[in-house]
Amino acid sequence: MHVLPAEFPDGRKVRPRLMLDATRLLLTAAAGSGKPGGLYAYDVNTAKATRLAALPRPSGTTLFPDGFTAGQGRIAWWTARGDGDRRTADLWTVPADGGEPRRLTSAPLPPASPAGRVTGMVTGIAVIPDRLAWSTGDDGVFTVGLEGGRPRRVEGTRGQHILSWPWIGSPGTFGDTETPFRSVTNVETGEKHTRNDVMACGVTICVTRPDRTSIAHVQDRDGRGRRDVDVSGVGPQPLQQDRFLTAQLPDRALVHDLRSGVTAELRDIDPQVRFRAPAGSGLAVFRRGGDFVVVDLTAVR
């Protein structure tokens, strides 16, 4: 667990995004105090932040950098231009050790659907050996070469969203009432799994809570290996690292490890500030006063 200020000493607000490695936390910093915003690597041992890159904002940008991921020595994210039903996503990468950001491609975003479902967005990004992959709304999964070019839809992926490459699935993480990723498919092998009676799912396991108590059943996607785990306070969400669920209660936050059955409890967490981390970020992020409390789930053995 790491605790860091929610602002730089000059007053610029920061936000944790993902762990670049065992000691470096990727932060985004807002512009302010006469200084530009940008990407920073924060050393959790020395509390020193090193600027990696600017965060470009093309003319007409209305949705600022989000969806950060890393792989193959690169950091990737997206921004959007335009309003209403005529918006365009810009997909960006930069070397993980810093450099000049590059816009690999731009692609239209689908319109947001009614009933408050946030579908007109990029719902997942993955950096894979020779391509950048992303999913948008219910339009499916697309890829582009790491040198840039025109995006190409992955055949048969309409309605699918990136969970953890090469696994994609449906439904996406659109809200707090619908269990995401009940169905998953491996786009490289064609392997598929579906569970409908669940409250949370990852790549290999799902969680059911038939009697609505705090005790849930954790099982493999094929229904084998049942074990009971306390999941107090948890609502529908994708599993982080295929094993963790998080909950924020009025007086504390909980991180449930479904593999070990251990629950970590964090006190004095601000219940009004919530961060919905992407399924592949490997972080659980909370606010405590003027600090962030960051749990590096990738470090849990």
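Which residue stands opposite Ile-125 in E11? In this predicted model, the residue opposite Ile-125 is Trp-134. The two strands concerned, E10 (residues 122-128) and E11 (residues 131-136), run antiparallel and are joined by six bridges. Two residues lie between E10 and E11, and the strands form a hairpin. Strand E10 is mostly covered, with six of its seven residues buried.

A second hairpin is made by E14 and E15, which are joined through two residues. Strand E14 covers residues 161-164 and strand E15 residues 167-170. Their pairing is antiparallel and comprises three bridges. Within this pairing, Ile-162 has Ile-168 of E15 as its bridge partner.

Strand E20, residues 215-220, is joined to E21 by four bridges, and the two run antiparallel.

Aromatic pairing was examined next. Five aromatic pairs are found in a search of the whole structure. In one of them, the ring centres of Phe-8 and Tyr-40 are 5.0 Å apart and the planes stand at 70°, so the arrangement is edge-to-face. Phe-8 belongs to the loop between strand E1 (2-5) and strand E2 (14-19), whereas Tyr-40 belongs to strand E4 (residues 38-43); the pair therefore ties together parts that are 32 residues apart in sequence. Both Phe-8 and Tyr-40 are buried.

Trp-77 and Trp-92 also form an aromatic pair, in this case stacked, with 6.5 Å from centre to centre and 10° between the planes. Trp-77 is located in strand E7 (residues 74-83) and Trp-92 in strand E8 (residues 86-95), so that the pair links distant parts of the chain, 15 residues apart. Trp-77 and Trp-92 are both buried. Together with Phe-68, these two tryptophans form one aromatic cluster. A ring is also involved in a contact with a charged group: the charged end of Arg-287 sits over the ring of Phe-292, at 5.2 Å from the ring centre.

Strand E8 also contains Arg-87. The relative accessibility of Arg-87 is 13%, so this residue counts as buried, the cut-off being under 20% relative accessible area. When residues up to four places away in sequence are not counted, Arg-87 touches Leu-63, Arg-81, Gly-82, Pro-108, Leu-109, Gly-120 and Met-121.

Salt bridges number 19 in the structure. One of them joins the side chains of Asp-228 and Arg-226, with an N to O distance of 3.5 Å. Asp-228 has a relative accessible area of 48% and is therefore partly exposed.

In another salt bridge, between Asp-257 and Arg-243, the closest N and O atoms are 2.6 Å apart. This pair links distant parts of the chain, 14 residues apart: Asp-257 is in strand E24 (residues 252-257), and Arg-243 is in the loop between E22 and strand E23 (244-249). Asp-257 and Arg-243 are both buried.

Strand E24 also holds Arg-252, which pairs with Glu-265 of strand E25 (residues 263-267) across 13 residues of sequence. The closest N and O atoms in the salt bridge between Arg-252 and Glu-265 are 3.2 Å apart. Glu-265 is partly exposed, because its relative accessible area is 42%, and the range for this class lies between 20% and 50%. Arg-252 and Glu-265 are members of a network of salt bridges that also links Asp-251 and Arg-267.

Note on methods: Residues are numbered from 1 along each chain as its sequence is written. This is a predicted model: local features need pLDDT of at least 70, side-chain atom pairs count only at pLDDT 80 or more; totals for chains, interfaces and linings use all residues. Side-chain values use heavy atoms; hydrogens and water are left out. Two strands pair if DSSP finds at least two bridges between them. Rings of Phe, Tyr and Trp (its six-membered ring) pair if their centres lie within 6.5 Å; planes under 30 degrees apart count as stacked, over 60 as edge-to-face and the rest as tilted. Buried means under 20% relative accessible area, exposed over 50%, partly exposed in between (1.4 Å probe, protein chains only). A charge sits over a ring if NZ of Lys or CZ of Arg is within 6 Å of the ring centre and within 35 degrees of the ring normal. A salt bridge is a side-chain nitrogen of Lys or Arg within 4 Å of a carboxyl oxygen of Asp or Glu. Contact means heavy atoms within 4.5 Å.
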